[in-house]
Amino acid sequence: MSILQVNNLAKHFGGLVAVKDLTLSIKPGEIRGLIGPNGCGKTTTMNMLAGLYKPTRGDVRYHGKSIVKLPPHIRTAQGIMRTFQIPKLFSEMTVEENMMVPALATSTEKTPEFIEALENKATEKLTFCKLDHVSHLLAKQLSGGQRMLLQIARGLMVEGLELFLMDEPFAGINQVIKETIMDAIMEMNDNQGITFLIVSHEMSSVRRLCQTVCVMHEGSLIAEGSMTEVANDPLVIEAYLGGQNAASDS
Amino acid sequence: MDLIILTQYVLSGLVIGVIYALMAVSITFVHGMMKVVNWSMGEYYMMGGYIQYLLITMLIGPSLWFLGIPIAFAIIFMLGVVIQRYMLHPMFVGESERMDEYATIVTITLMILFRNLAIIIGGPYQYSVPDYFPPTDLGPLPISGNRFMALIGTALILGILYYVMKKTWPGRALLGMSQNRIGIQTAGINVRRLDEIAFGIGVGLAAAAGALLAPVFLVWAESGSVPTMKGFEIVVIGGLGSIPGSIIAALLLGLIESLGSVFISSEYRDLFGFVFLILILIFRPNGLFGDRERLA
């Protein structure tokens, strides 16, 4: 059974159709790429999957059950985490507080043992994401790449994380941190079986990480397959280059 | 001018500033958390005053006046939760593009409703609450017992608020929401519940201010107008959403009003604050402690 099944998903903003009849299926343990030209509806799709946008129509099924009416925090509690191209952090809090606040604010248990266990978990996840040396800094003091890593580390604090939705995790990030993020994704996938849906414009990263890639154009899914397959798909080439128009322009 | 008299005026200004601070903090708290301006804040202040008046005259008596403040806070907190849940929350459902406008319409409607309800129920009368405390001295400053208690009460309430926000995890979650609303939702926190708590605390603080200042400014249907006007003035001076900014701006406004009254004329007391506000808007449009927005 698919971990995530999207059926005929559509999102309209007034007269603008951002996503139309999107259907896709992701198997557990997969690292799936979602690519497409700017404005094709990738982020809107991610927002609908995370519960930030209510679809105009269609269904989203997680482990076979519809989650389309669930608010974002319930989806997170069920094991779906989402990161953003511009990291959504608590800028005036320390890195460690960013890790701890969600768990402690939602838990009724506040015993010293629970808090200590949580602190240990936060330290472990920060070490995993190579952020342990900056745990005392305010989030706003971090570099862009470190902020992205902190979003990922914070996602790992979610109990029972199964599906990680990542929106442009490599955008504007230096090569060293990009490598750290890719290593983290592969390790989480190999060792914890976490499934990923990654939106990215970084084709080399997508090629390295994703077994299957979905391509969107003007709100629709136009191709699906390995990176090599979609790269040679005439529809994809036309979507990215403008097809014959581009050829005639040049 | 005699140094002692000048000190008295400075102290007097600071006392007024602290009293203003509570109302300003309640306004900026709601704005900081929910990013909406609550135009009915003065009416929660007014209701806090009425609750205190009713409690003192009918239930607890003048000697237990201090119990009225947490009671007023609790009652208006619950009212705030209900209002947030059923009148303001619908704005946050879906992807409303005109959230601010809806909030403005809803809260102005509530302002008119509550003010007229107060006139219908309490009549067009001003009610006086018995003094909380006899006149006393604050260093070289002779001060009315009511203002002295308002000073102590405000400091205490702001101290509790600081503790809750900085030292408790639910408080930090509220701070997290004020810093990144989407971040807090996707981190697994029920933002709807936080909104209710934030709005409840904000209006509860206004009610506590109304109960605390009931013997200073009297209780009547429009008693919230002046504190609200001062509160918004302070919030803009301090910077929208900045609680420390509101406290410092409140102290500055109190000082300016007090010293302006002495050196220029007490008739223009309210004008001094507005001149200060205009200067701030010209030279620091985001307020003393407001974040500068990146435009491009």
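Two strands pair if DSSP finds at least two bridges between them. Strands (E, at least two residues) and helices (H or I, at least four) are DSSP runs, numbered from the N terminus. This is a predicted model: local features need pLDDT of at least 70, side-chain atom pairs count only at pLDDT 80 or more, and totals for chains, interfaces and linings use all residues. Residues are numbered from 1 along each chain as its sequence is written, and chains are lettered from A and ligands numbered from 1 in the order in which they are written.

Start with strand E3 (residues 31-35) of chain A. E3(A) and strand E8 (residues 195-199) of chain A pair in the parallel sense over four bridges. Within that pairing, A:Phe196 of E8(A) is the bridge partner of A:Ile31. E3(A) also runs parallel to E9(A), again with four bridges. There, A:Leu34 has A:Cys214 of E9(A) as its bridge partner.

E3(A) is mostly covered, with five of its five residues buried. A residue is buried if 20 or more other C-beta atoms, placed from the backbone, lie within 10 Å of its own, exposed if 12 or fewer, and partly exposed in between. In a regular strand the side chains alternate between the two faces of the sheet. In E3(A), A:Ile31, A:Gly33 and A:Ile35 point one way. A:Arg32 and A:Leu34 point the other way, and all are buried.

Now widen the view to the sheet. Six strands of chain A form an open sheet with mixed pairing, in the order E6-E7-E8-E3-E9-E10. Strand E6 (80-83) and strand E10 (220-225) of chain A stand at the edges, each with a single partner strand, so one side of each has no neighbour in the sheet. From one strand to the next, the twist averages 15°. Axes here are lines fitted to C-alpha atoms, for helices over the stretch in contact, and angles run from 0 to 180 degrees between N-to-C directions.

One of the bridge partners in E10(A) is A:Ser220, which faces A:His217. Helix H9 (residues 234-241) of chain A lies across E9 and E10 of chain A, at about 125° to E10(A).

Chain A as a whole has ten helices and ten strands. Its radius of gyration, taken over C-alpha atoms, is 19 Å. The C-alpha trace of chain A spans about 65 × 40 × 35 Å along its principal axes. Of its 250 residues, 43% count as buried. Two residues are in contact if their C-beta atoms, placed from the backbone, lie within 7 Å. Among contacts in chain A between residues at least 6 apart in sequence, 67% join residues at least 24 apart.

Chain A also touches chain B. The contact takes 23 residues from chain A and 18 residues from chain B. On the chain A side, helix H2 (72-77) and helix H3 (95-106) each supply at least two residues. H3(A) gives the largest share, six residues.

Residues 104-127 of chain B are 79% helix and 0% strand, with end C-alpha atoms 30 Å apart.

Definitions and conventions:
The radius of gyration is taken over C-alpha atoms; the globule rule is 2.2 Å times the number of residues to the power 0.38.
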